[in-house]
Amino acid sequence: MVAFDWNLAALVFLYWLELGIISFWALLKAVFAGRPSEFDSNPLIGGALARKRTAIPVPFTGLGIQLSTLPVLVVAVPVLSLVWFFVGVTTIGVIGAKIPEQSALELVVLSSFGIFLSQGASTLVEYFYQGDYRDHSAQTAIQGIFMRGAVIGVGGLLTATFVGLAADSVSGDDPITAVDPTIVGPPILVGIVLVKFSFDLGGLYRDRLAAFDESSSFELGWAYEPPTHEPIESVNTVNERIRPSVFGRLFGGLTPANVRRHPGVLFVGGFILLISLLFAMGRVWDIVLSLVGVSLVVPIGLLMVDYGLRYGGVVFRVSDEAIVAYDSLFRTRLWRIEPWDERGLRVERDRLHEWIGTSTIVIESADRELRVPHVYDPAPIIDMFDRQPTGLTTRTSK
């Protein structure tokens, strides 16, 4: 500011552009992150993709796009755009609408171009060439941008609020935008510099912070390691190859039990119905009928897509030593369980099972439930375990 005689708006505008540039490169890192994303629950579609232990390869490179990265990007792109817009409103919008001089704008554009090139060079060298992408998931690649943008945006808003309330030139009924920019500008500038300094300092001492996080009883998030795909061994001799029935793969996702496992679809349908009520109040009945139909079609479609991704191409290879679930569509093994790893075994049947003559075997392991859905003959799977299943008895296991 001293050397080039910039005004405050130009400097804050440059830092806002820098945040957008860093967000762009962070999203690029997230796309090619080498580790799968981790979800706290088993969300619809996202959970199905997270189960797939494969990546979409990029030709002529060693890079790939993890399938679990796709749902993260669907959420991250619009949210990061909103964060960037929010930061601009709470910094540039509060400082004032005065447009910097042409010379200052030219320096801002030139500096932004330099920042874009430097961030790109750092990403290409450190992240891709040196292989840092192998240690990151899509979530860890972008989490710093969310923190930086949220802190800057909220900090700017709080600073403008407190300074505006303390300013004599603004009464209690006036909006924050009525604050004199010369009063609000310097505190926001100081806050932005301190926030940037703290993030840069945290990046330099990240290893030490991670070591402190590991040794302390508090979970600060510095020591978080994304999960990795452990190799799954095949079986030597395959006795049976079992596939879910065609009707089970097509309509298995529409059962009440599957809806209970994914209650989020009910909220999606309910939200669309609430929108239809607004049009019903205006007596726009054609739109109301359309939205009611959409409230039914969208949840059904989501359930069917999710179920198809989970079990559509799965083949269960049964041997004397283990059961291996193999996804023939993505050509990868999903899981393997041996007789001594099983903690519980049960058979589930509902009306759909009775109509198409199938059964679903649920195998409880140490960390999750493994499902073998809609098979005509569950005996080869049940016989491998040294126990009788609980639940309804099927015709093949009498």
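Modeller: Start with helix H10 (residues 264-281) and helix H11 (residues 285-311), whose axes come within 8 Å and cross at roughly 175 degrees. The model is a predicted one.

Colleague: Why are H10 and H11 called roughly antiparallel?

Modeller: The axes of H10 and H11 cross at roughly 175 degrees. Angles over 145 degrees count as roughly antiparallel, so the term applies to H10 and H11.

Colleague: Which residues of H10 and H11 meet?

Modeller: In H10 they include Val265, Ile272 and Phe279, and in H11 they include Trp285, Leu291 and Leu302. By class, the contact has 17 nonpolar, three polar and no charged residues.

Colleague: What makes Arg35 and Asp135 a salt bridge?

Modeller: Their side chains meet at 3.8 Å, N to O. The cut-off is within 4 Å between a side-chain nitrogen of Lys or Arg and a carboxyl oxygen of Asp or Glu, so the pair qualifies. Arg35 lies in the loop between helix H1 (8-31) and helix H2 (46-51), and Asp135 in the loop between helix H4 (102-129) and helix H5 (138-166), so the pair ties together parts that are 100 residues apart in sequence.

Colleague: Why does Arg35 count as buried, and what is Asp135 called?

Modeller: Arg35 has 15% relative accessibility, and buried means under 20%, so Arg35 is buried. Asp135, at 42%, is partly exposed, because that value falls between 20% and 50%.

Colleague: How many salt bridges does the structure hold?

Modeller: It holds eight. Among them is Glu369 with Arg346, the closest N and O atoms being 3.4 Å apart. Glu369 lies in strand S9 and Arg346 in strand S7 (residues 344-348), so this pair ties together parts 23 residues apart in sequence. Arg346 also meets Glu348 in a salt bridge, at 3.2 Å, N to O. Salt bridges link Arg346, Glu348, Glu364, Glu369 and Arg371 in a network.

Colleague: What makes S8 and S9 a pair of strands?

Modeller: Five bridges join strand S8 (residues 359-364) to S9. At least two are needed, so S8 and S9 pair. The two strands run antiparallel, and a hairpin joins S8 to S9 through four residues. Val362 stands opposite Arg371 in S9.

How values were computed: Residues are numbered from 1 along each chain as its sequence is written. This is a predicted model: local features need pLDDT of at least 70, side-chain atom pairs count only at pLDDT 80 or more; totals for chains, interfaces and linings use all residues. Side-chain values use heavy atoms; hydrogens and water are left out. Buried means under 20% relative accessible area, exposed over 50%, partly exposed in between (1.4 Å probe, protein chains only). Axes are lines fitted to C-alpha atoms, for helices over the stretch in contact, and angles run from 0 to 180 degrees between N-to-C directions. Angles under 35 degrees count as roughly parallel, over 145 as roughly antiparallel, 65 to 115 as roughly perpendicular and the rest as oblique. Contact means heavy atoms within 4.5 Å. Ala, Val, Leu, Ile, Met, Phe, Trp, Tyr, Cys and Pro count as nonpolar, Asp, Glu, Lys and Arg as charged, and the others, Gly among them, as polar.
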